[in-house]
Amino acid sequence: MASSSSQLIFSVFLVFFISSFMNTTHAALNATDFIDQMLVSHNAARAVVRVPPLVWEPVLAKYARVYANERRGDCALVHSPGQGFGENLFWGQGHTYWNATIAVGEWVAEKQWYDYKTNTCLPDKVCTHYTQIVWRSTIRVGCAQIKCDSGDTFIACEYYPPGNYIGSWPY
């Protein structure tokens, strides 16, 4: 009896443990595919400017997941209070299938608005998502994707060490 009771407790614990890491967005991708998409997309942009590839950091991904879940009710592009990480946020409207590759592609597209010579974004343009992705000293990334209550998609990526230091070039 004690053996079957121990097995039951272990089984319940195992199910709880595994479910705590499962994606609660009902997304078609599993966690490995999401991570692969994130790393391939980020590292392709980094390779173009010859900076080392990022590695996946589960602690950053957990922070991104916790923060993304805080945005579930409004899906607002409001940055987290910050814990010494860089951060990129993405919002995809509607029930269209948004994914990691699309989000990173949107951030990388800001390259067109970055002027390396002056190390600035063009007037009235945002390019700091791009510069965070290619920031040379950033070596780790962790991201999360959720489905907001509205049905929209919210993706958060956290970077360590952070980039976008005023007066410093990303690469």
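Trainee: How many bridges join strand S1 to S5?
Mentor: This is a predicted model, in which local features need pLDDT of at least 70, side-chain atom pairs count only at pLDDT 80 or more, and totals for chains, interfaces and linings use all residues. Residues are numbered from 1 along each chain as its sequence is written, and side-chain values use heavy atoms, with hydrogens and water left out. Strands are DSSP runs of E of at least two residues, helices are runs of H or I of at least four, and both are numbered from the N terminus; two strands pair if DSSP finds at least two bridges between them. Strand S1 (residues 55-56) runs parallel to S5, and the bridges joining them number two.

Trainee: Which residue of S5 is the bridge partner of Trp56?
Mentor: S1, the parallel partner of S5, covers residues 55-56. Within S5, the residue bridged to Trp56 is Val141.

Trainee: In which sense do S5 and S6 pair, parallel or antiparallel?
Mentor: Gln145 stands opposite Ile155 in S6. In the hairpin of these strands, five residues lie between them, and Gly151 takes a positive phi near 95°. Over eight bridges, the sense of the S5 and S6 pairing is antiparallel.

Trainee: Why is strand S5 largely enclosed by the rest of the structure?
Mentor: A residue is buried under 20% relative accessible area, exposed over 50% and partly exposed in between, using a 1.4 Å probe and protein chains only. S5 spans residues 140-147 and is largely enclosed because, of its eight residues, the number buried is six.

Trainee: What kind of aromatic pair do Phe85 and Tyr160 form?
Mentor: Rings of Phe, Tyr and Trp (its six-membered ring) pair if their centres lie within 6.5 Å; planes under 30 degrees apart count as stacked, over 60 as edge-to-face and the rest as tilted. The structure holds nine such pairs. For Phe85 and Tyr160, the centres are 6.4 Å apart and the planes stand at 85°, so the pair is edge-to-face.

Trainee: How many residues apart in sequence are the parts that this pair ties together?
Mentor: Phe85 is partly exposed at 24% relative accessibility, and Tyr160 is partly exposed at 41%. Phe85 lies in the loop between helix H3 (58-70) and strand S2 (86-92), while Tyr160 lies in strand S6 (residues 153-160), so the separation of the parts is 75 residues.
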